[in-house]
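User: Could you help me read this structure? I am new to this, so please go one step at a time.
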Amino acid sequence: MLEWVEKYRPKTLKEVAGHNEIKEKLKKWIEDHIKGKNPKPIILVGNPGCGKTTLAHALANDYGFDVIELNASDKRNRAAIRHIVGTAASSKSLTGKNILIILDEVDGISGTEDSGGVSEILKVIKEAKNPIILTANDIYKPTLKPLRDVCEVINVPNVHTNTILAVLKRIAEKEGLDVDEKTLKIIAKHSGGDLRAAINDLEALALGGEISPEIASKLPDRDTERTIFDAMRIIFKTTHYDIATLALMNCNEDLQTVEEWLAENIPNEYKKLEDIERAYDYLSKADIFLGRVYKRQYFGLWKFASALMTAGVALAKDEKYRGFTKYSYPSVLNLLTKTKAKREVLKKILKKIGEKTHASSKRAREDLELLKAIIENNIEMGADLVRYFGITKEELENIVDKKLVSEIFKIIEKKKKEEQKEKKEKKIKEKIVEEKEKKEKIEEKVEEKIIQKEKEETKEIKVEETKEQKEEVKEEKKSKKTKKSEKKEEKAKQLTLDAFFK
Ligand SMILES: Nc1ncnc2c1ncn2[C@@H]1O[C@H](COP(=O)(O)OP(=O)(O)OP(=O)(O)O)[C@@H](O)[C@H]1O
């Protein structure tokens, strides 16, 4: 049974959804070839599943070309490519048709381990009389610059959501699926412009037997889980070392998670016992390296773990298994996800205890056991400790019986209220003392002022007194003076009288 992406792969350019401008460019390019103008080879660059290979095949079909499609990043293919290019000097196939060479995944030529890869492809391009289309997800690696220089780069954008929706509708109709537009829209949006992913999702949901908006919205997330799905697809479907090792390039998951995914899905993909055995053998070897990376911090071993996991599992099969495989979420991770919330809470509690007791989380774990025992035997003390550590009710419910928790928090509330009351009373008492002190101070000040005033008054009286005394002395002096002068005058008068009578 063909998987849907193959079953519904467009045969002609007309059937290819979207990409109208690119279709015109390709048509002109192949017509130039037919006219013998020998234009530059084309590199179609775009994200996975946007239709690069489909465009190339449809073009060949429309113009009656036979196709030779080879994976450029596979070293073993290079000899075949050279041979084909060499023998196809007449640029015609056995059937007498023109040949279009499609070199897939040129960005899979790895720079260091396959340094001659790019120059070999360049040689092929130079010698070939046939039109060549190369495809790549990313052509902007520095090692691929020589290829960019001799080819025409055409960027193929992601497929528009509406276009994807139209394709999904057509497939659903042909497959007689009972699915509404809302669900198809969710799948289309979710694919992020990757039509292959959208078709695969629709097929996976159809296989599951139920296609509803609820289920469609549970599809793995494009940017996170999706990348791990892509990685699984690449590792399980390829038989090439380089491609397999690149499978984790855009994958954000750590190697331990990838290992779980592979362990879960090996028997989903591989059917021959020998393949399964070999795959698990490589995976277990990868696990040994990975263990040493983490335990001994030998980060140099990481690449061996990664290579054994990706290329090891990929090359464990004798040949590719065709058809669609539904990769499942690892059951162990499923279990961990289910208990994740609980584990997170436990971590928080241990952190809180550790902060107060200045202990590691390992030691805090022992303290937590102690706390549980205290709660069961002396709930008052347990409540005090729970409060001291700052453990919330919701957190405590994860580790202690709910009944006990509500009792503990009743005690805590009661204590809190009592403390608040005490605090209030203390505040009132303090206020009273404060007021009293204030009053006393005011009284002291008033007294001081009265004394001051009295002092000032006595001073004034004294001043008055001295003034009066001065006046009196003056008066006395004055009267003495007048008396003296009167006496003088009298004396003078007497003298004149005496003189007169003499
Ligand atoms: N524009 C399109 N119109 C119709 N179907 C498409 C289109 N693009 C992709 N598809 C579907 O998606 C499948 C994958 O497309 P194709 O192999 O061309 O992608 P690609 O861009 O070459 O991806 P990759 O980079 O992974 O090789 C096709 O088999 C086809 O069913």
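**Salt bridges, sheet and loops**

Analyst: K351 is exposed, with 57% of relative accessible area. Please note that this is a predicted model.

User: Which residue does K351 form a salt bridge with?

Analyst: The partner of K351 is E355, and the closest N and O atoms are 3.7 Å apart. E355 counts as exposed too, at 52% relative accessibility.

User: Where do K351 and E355 lie?

Analyst: They belong to helix α17, which spans residues 340-357. Because K351 and E355 are four residues apart in this helix, about one helical turn separates them.

User: How many salt bridges does the structure hold?

Analyst: There are 22 salt bridges in the structure. One of them links D367 to R363, with the closest N and O atoms 3.3 Å apart.

User: Are D367 and R363 buried, partly exposed or exposed?

Analyst: D367 counts as buried because its relative accessibility is 14%, under the cut-off of 20%. R363 counts as partly exposed, at 43%. D367 and R363 lie four residues apart in helix α18 (residues 361-377), so they are separated by about one helical turn.

User: Which residues are joined into a network by salt bridges that share partners?

Analyst: K272, D275, R278 and D318 are joined into one network in that way.

User: And what about D149, which residue does it pair with in a salt bridge?

Analyst: D149 forms its salt bridge with K145, and the closest N and O atoms are 3.2 Å apart. Both residues lie in helix α6 (residues 145-150), at a spacing of four residues, or about one turn of the helix. D149 is partly exposed at 46% relative accessibility, and K145 is partly exposed with a relative accessible area of 42%.

User: Changing topic: what is the strand order in the open sheet?

Analyst: The open sheet has five strands in the order β2-β3-β4-β1-β5, and their pairing is parallel. At the edges are β2 (66-71) and β5 (152-155), each of which pairs on one side only. On average, neighbouring strands of this sheet are turned by 20 degrees against each other, with direction ignored.

User: How many bridges are there between β1 and β5?

Analyst: Strand β1, made of residues 42-45, pairs with β5 over four bridges in the parallel sense.

User: Which residue of β5 stands opposite V45?

Analyst: N155 in β5 is opposite V45.

User: Which strands does helix α3 lie across?

Analyst: Helix α3 (residues 52-62) lies across β1, β2, β3 (99-104) and β4 (132-136). The angle at which helix α3 runs to β3 is about 175 degrees.

User: One last topic, the backbone. What is the phi of H19?

Analyst: Phi of H19 is near 55 degrees, which is a positive value in a residue other than glycine. H19 is placed in the loop between α1 (4-7) and α2 (20-34).

User: Is H19 buried or exposed?

Analyst: H19 is buried, because its relative accessible area is 12%, under the cut-off of 20%.

User: And what about the phi of H358?

Analyst: H358 has a positive phi of about 55 degrees, although it is not a glycine. H358 is found in the loop between α17 and α18. H358 is exposed, with a relative accessible area of 73%.

Definitions and conventions: Residues are numbered from 1 along each chain as its sequence is written. This is a predicted model: local features need pLDDT of at least 70, side-chain atom pairs count only at pLDDT 80 or more; totals for chains, interfaces and linings use all residues. Side-chain values use heavy atoms; hydrogens and water are left out. Two strands pair if DSSP finds at least two bridges between them. Helices (H or I, at least four residues) and strands (E, at least two) are DSSP runs, numbered from the N terminus. Axes are lines fitted to C-alpha atoms, for helices over the stretch in contact, and angles run from 0 to 180 degrees between N-to-C directions. Contact means heavy atoms within 4.5 Å. A salt bridge is a side-chain nitrogen of Lys or Arg within 4 Å of a carboxyl oxygen of Asp or Glu. Buried means under 20% relative accessible area, exposed over 50%, partly exposed in between (1.4 Å probe, protein chains only).
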